[in-house]
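I opened my notebook to keep track of what I looked up in this model. Here are the entries, in the order I wrote them.

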There are 2 protein chains.
Amino acid sequence: MKIAILSIGDEVIFGEIVDTNAAHISSRLYDVGLKVQRQLSVGDSDLDIIEAIESLAGHADFVIATGGLGPTVDDITARAAAKAAGRRLVLNDEALAHLHGFYKKAGRDLLPASEKQCLLPAKTHLIPNPSGTASGFVLAIKGTSFFFLPGVPVEMKRMLEETVIPAIMAQNRQLQLVRTRVLKVFGLSEPEIENLLQGVARPDAGLTIAYCVMFPEVQVKLRAEGKDEAVLAKLLAEGAASAAGKLGDYLYGEGDDTIDSVVARLFADKGVTLSLAESCTGGLVAKRITDLAGSSAYFMEGAVTYSNAAKTRVLAVPAALLEEQGAVSSAVAISMAKGIRRLSGSDIALSVTGIAGPEGGTADKPVGTVFLALAGRSDSMSKRYNFFGDRERIRTITSFTAIDWLRRYLLTLP
Amino acid sequence: MKIAILSIGDEVIFGEIVDTNAAHISSRLYDVGLKVQRQLSVGDSDLDIIEAIESLAGHADFVIATGGLGPTVDDITARAAAKAAGRRLVLNDEALAHLHGFYKKAGRDLLPASEKQCLLPAKTHLIPNPSGTASGFVLAIKGTSFFFLPGVPVEMKRMLEETVIPAIMAQNRQLQLVRTRVLKVFGLSEPEIENLLQGVARPDAGLTIAYCVMFPEVQVKLRAEGKDEAVLAKLLAEGAASAAGKLGDYLYGEGDDTIDSVVARLFADKGVTLSLAESCTGGLVAKRITDLAGSSAYFMEGAVTYSNAAKTRVLAVPAALLEEQGAVSSAVAISMAKGIRRLSGSDIALSVTGIAGPEGGTADKPVGTVFLALAGRSDSMSKRYNFFGDRERIRTITSFTAIDWLRRYLLTLP
């Protein structure tokens, strides 16, 4: 079965936004075992939209098109689709009723111009849009079913789940199944992982591996293709177990896990409380910890002590230590962690001090020099890192490494 | 002139990553006045790549293709391109010399298997890759020039700037120029802005307006098309001035400005210092303030006081106040701001307390209830907001609103 995605909008084709809709649709179809064969994007131009529809009609079985169904002048998808299908554009009563109902429910007044979004190709089937005003529609052109959806992600996503995927699955005569498992790895480079995992893939049996660097982590994608669900599950289970054995504690999670969610679960499970003292990450670690609902159960307090004065006053880092060792040093990192732990009474405390750049580097401590420290009830440790890249990259990998420290500490890993 | 982009990679077509390369290329070409007509993505399959190349050859003048030039088994772009062009695949001496030189310079050993990335179509021109190992190449197929680049963004971007764009511009016989200005607006909805800006666009003169919601801000894109650089500059200047007059202080910046960078500049210019006390944003505001280099000059300190105990101990918020008014209240927000200002000695202090959800809401104070407060040397103020959406959305708009408060305070706006 051949499936294509068509994204319509000047903002995509001019590079003003990144096309997350296409990625979302591809990913959701892949989840249910369907491969997208191509993604195509064109701008808000009648000619380009018609040409795109014609290039896909008769070639793909299904096309999921997004964008250009709204009420403004640059929303011309319905008109172009009608032309491509050789249909008239008519005011669709059902779409109109939905539009009026939507405004009534929201208690807002409807501008007459908004009715434009109900001008749809004649004899089309509507795709209900429970979250927005613009109805979607289905058109068959040269044997290809085109699903037209609005480009607003929250509306498109719901219509995809509720109407489009069920419609495609109902006609799915494809016997080839695709199943995947994604392993999340931090602390090894892509070549190191590829080297470790030699022999795990079994292309003859239908099990392949792909690697995807999502800085600073690497995702290992195990993919099984075949006709028998049970065989694929077994292939993936064996592959994942073999990979896990080779990756050891660099493997932190799988699937929807993020290092943040894994660590959040560990804190909740173990009933351990946390406080943070940050310098160069400036609140980024605290932000990541509190991104997740429920973090108030274990996260007690964070101090963003950018200046030396704040380090001394808030965290009681001795001024002499700052003078002698410098703010970016192992001794200051430990003193910061101990300081915030003492203040907050948390079980453990983590601190970060470093030079995120672009200014502030020296020969001894160039930009990217970072010290992490962790203080527990009776122990403390610190380590120096030398990261590379720009300010954003250094702050990202520093926060990732800090959160991985928490994971390793809670799991009593090295 | 017709330009297309071809993204090659299973990770794009399976929705595992969002195709930022296509957006970057489109955006850079648009900057130099070139419109991309279509973006096409296919997976790592010989057949699909060949079909994509054939569908573009003879139709576009230029195609910029990315991805699949590396050393691993799933890198098959060069082979497919050679087939589509009817050429043999040969070991390219120049590419090989670059590869060896690259490894020698990095002091690393080259695995023999890595030489695979030097197997390129015969009689091709190389595109130098100063930042990586895989050389790019140019192929002419049916009068269309195909530029093949690696998918690694940092490598692709440099090759685009240094080789591809100059090559296209050298053959640019297009007389139609496109110039844009982007106005950044916060605090008004898209329909409100559209309503305010009626009459600013002058489609007959070549000046159009598009709106792009980048939650929680809205970008207003003024586009001028025509043949004369000076005329376009004047059209844009007039359009921007007229729009600015209508948008008033909701217009916070233009072009590459972000609300964070605008506020950073204001702090630096005015020599004012800042401290922060955050509850529900958990460090997000501090993170945004310190994202920018140079923030250590004005950002003194942040306190992430998640628990009531921390609010009392660190910020001296009276326990009785927390008891009577609740942690999410105007009085507590003001007490938090005054507390951190007193501690840090900063000129101004901003505080955030609220319910980001999904738990913790009540009938009186549902999820999304947020209080901001600001304390200066002699004044203080607070305001209640009722935001909607999930935890991430609420935290995002809260941090945006907090930073906009700083902008308005520093500019003495209401």
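Helices (H or I, at least four residues) and strands (E, at least two) are DSSP runs, numbered from the N terminus.

Housekeeping next. I am working with a predicted model, where local features need pLDDT of at least 70, side-chain atom pairs count only at pLDDT 80 or more, and totals for chains, interfaces and linings use all residues. Residues are numbered from 1 along each chain as its sequence is written, while chains are lettered from A and ligands numbered from 1 in the order in which they are written.

**Entry: strands across the two chains**

E2(A) pairs with E2(B) in the antiparallel sense over five bridges, and Leu40(A) sits opposite Leu40(B).

**Entry: the sheet**

I traced an open sheet of twelve strands with mixed pairing, in the order E6(A)-E7(A)-E8(A)-E3(A)-E1(A)-E2(A)-E2(B)-E1(B)-E3(B)-E8(B)-E7(B)-E6(B). Its edge strands are E6(A) and E6(B), each pairing on one side only. Within chain A, E1(A) and E3(A) pair in the parallel sense over five bridges, and Ala4(A) has Val63(A) as its bridge partner.

**Entry: the interface**

How many residues of chain A are in contact with chain B? I noted 55, in contact with 55 residues of chain B (contact means C-beta atoms, placed from the backbone, within 7 Å). Among the elements that each supply at least two residues on the chain A side are H2(A), E2(A) and E14(A).

**Entry: a helix pair in chain B**

I looked at H3(B) (residues 46-56) and H4(B) (residues 77-85), which pack at an angle of about 50 degrees with their axes 9 Å apart. Axes are lines fitted to C-alpha atoms, for helices over the stretch in contact, and angles run from 0 to 180 degrees between N-to-C directions. The residues making this contact include Ile49(B) and Ile53(B) of H3(B) and Ala80(B) and Ala84(B) of H4(B).

Definitions and conventions. Contact = placed C-beta atoms within 7 Å. Pairing = 2+ DSSP bridges.
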